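Please look at the sequence and the structure below before reading on.

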Amino acid sequence: MDRRQGSSRENSTSLIGRLSEKLKYKNENFSSKISLTLDDVNVLLNELQVYQLELEMQNDELKTSYLTLDRERAKFVGLFDLAPVGYFILDYLGVVEEANQNGIDLLNIARPTILHKRFQSFISPQSWEDFYNFLHRMQYNDTKQTAEIKLKLADDQVIYTRMEGRAISSIIVTDVKYYITVIDITESRNAQQVLKETKERLEMTLKASATGTWTICSETNSVFLDPHSFNIMGIRNWEFNGTITGLIALIHPEDRQQVSNQLLGAIHGVKDIGLEFRIITQDDDFKYIAAKGHEIKMQEESGYFAGILSDITERKRLEREAESLKNDQQKLILSATLTAQEKERNIISSALHDSICQLLYGIKLNLESVERTNYLKGEFKNVNALLDQVIKETRQISYELTPTVLKDFGFVAGIKEMAQRTSTDHFHIDTYIDSAADYLRTDVQLYLFRMIQELINNCIKHAKASKAEIKVRLHRNQVSIQVADNGIGFNINTEQAGHTGSGLSGIKNRVYLLNGQVKFHKSKQGMIVTITFEKTAELSM
């Protein structure tokens, strides 16, 4: 368009020049007698018409150019003023030559006050050096430059901004203009500061509470552990490959299944995770770890699990100590109860043996004396028989209450003597007793005797057995007692056995005091009851 305008302008100048020359020539010779002919006039008119048309065409082209320039200017003025960021044009000294409306609103000052004022006057003193470095970098680099600058407004309000700009040089070397954009990032900067402070507080809280954070993405099979988690678990970050499989490999073998089940449950819809597991440490020890988490759903994205984990080794140790103390207290109470029972039995046994039996003997002797004095024959036969039966049963009860043979001759003799006393024509007991049982502690021997005594009584009263077998074996620091019979057994299961009757409850109590186990097994031949416990130094004499 500019080239066409130039050529038209040159043609017009040339034509006007020629016409002027002709008119000048004609005027100079006008005084002469030579006059213009009709052809000369027509030529001049034609040339004038051509000149007129060319001038009109040039005028139309100029109008079109001005309209195009106005439209382009309006477009760029609209972009300049309505842009969402502040635009500023500075000269080489930093004086503001132009600013858009957003820039004016950002500085909160009138346009006339901004124009022809040094932009440095709006810069906070703390950012002067950064701003001059920004201008310097723009001047000596062709690429866009960026800087974060603090501005100080008229009301002493300080805002954070991000500036981007380039320097444009004109033909004159010294004439440099800086085109910069200014974006208010105060809100973002404050949010970052709040986030930073929150993160620091969280880090301090996690460190003080010995708590770590973790995330699990089931789709990618990935696990993220923060540095606190590595410290808590006692592992180094290069020892963990960041997968669920790798995490499970670090867990104690006995706990892996329950962890896998929980993670599978989370994959299939469980919203919360609560785990307690052991981690094998470098020195082949282990730590107790508690992990809690919740599913987090992201919009238009797959969810993941996030949570915290903590070291509960000390808590577990205290729980074990508390449980141990509780067990010790229960054992002390139970032992005291059984000791009190034995004392009561001794008292009753002594009363039966030393008092009741003596009185019964005295009655029997008096009756025999009356019978001899009065020469009676057979009148007191039935009475004497009943007295003999009462004396025998009283002595049997006294023995069951306090087995004197056990005290005087030891465990082996006590069990054999009990088997001999209890055996009848319809019920026979076989015994196989390891002689090493006599070296168990006295109270332990009494516990075993009472348990065997109760089991034999059950064989007689409930199992309807005709035969029983008692085996006591000591092998490799383990004591095993087995009582078997050929009866019908019990009609109750093992769990009910500990709660039915004082006899079986007494057996369970004594097994508990010995830290042992009792098992009831019903076979085709009858019932087998097995009691086992460790023969520790505390249980031996």
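This report covers salt bridges and a nonpolar surface patch in a predicted model.

## Salt bridges in general

Side chains of opposite charge can pair when their charged atoms come close. In this model the count comes to 17 salt bridges, where a salt bridge requires a side-chain nitrogen of Lys or Arg within 4 Å of a carboxyl oxygen of Asp or Glu. Some of them are described in the sections that follow.

## A pair between a helix and a strand

Which residue forms a salt bridge with Arg111? The partner is Glu98, and the closest N and O atoms of the two are 3.2 Å apart. This pair links distant parts of the chain: Glu98 belongs to strand 2 (residues 96-99), Arg111 belongs to helix 4 (residues 111-114), and 13 residues separate them.

Arg111 has a relative accessibility of 29%, so Arg111 counts as partly exposed. Glu98 is also placed in this class because its relative accessible area is 31%.

## A pair within helix 10

Glu314 and Arg317 meet through their side chains in a salt bridge, with 2.3 Å from N to O. Both residues lie in helix 10 (residues 313-373); they are three residues apart, so about one helical turn separates them.

Glu314 counts as partly exposed because its relative accessibility is 45%. For Arg317 the value is 31%, so Arg317 counts as partly exposed too.

## Another pair and a network

A further salt bridge joins the side chains of Arg236 and Glu239, at 2.8 Å from N to O. Arg236 has 34% relative accessibility and therefore counts as partly exposed. Glu239, with a relative accessible area of 32%, is partly exposed as well.

Salt bridges can also be linked to one another. Which residues form a network of salt bridges? The network is made of Glu276, Arg315, Lys316 and Glu319.

## A nonpolar surface patch

Val41, Leu45 and Leu48 make a nonpolar surface patch of about 230 Å². Of these residues, Val41 lies in helix 2, which covers residues 38-82.

Is Val41 buried, partly exposed or exposed? Val41 counts as partly exposed, because its relative accessibility is 33%. A patch takes in residues with over 30% relative accessible area and no salt bridge.

Technical notes. Residues numbered from 1 in each chain as written. Predicted model: local features only at pLDDT ≥ 70, side-chain atom pairs only at ≥ 80, totals over all residues. Heavy atoms only, no water. Patch = residues over 30% accessible without salt bridge, like charges linked within 9 Å, V, L, I, M, F, W, Y side chains within 5 Å. Areas by Shrake-Rupley, 256 points an atom, 1.4 Å probe, with all protein chains shown as cover. Helix = DSSP H or I, 4+ residues; strand = E, 2+ residues; numbered from the N terminus. Buried < 20%, exposed > 50% of the residue type's maximum accessible area, 1.4 Å probe, protein only.
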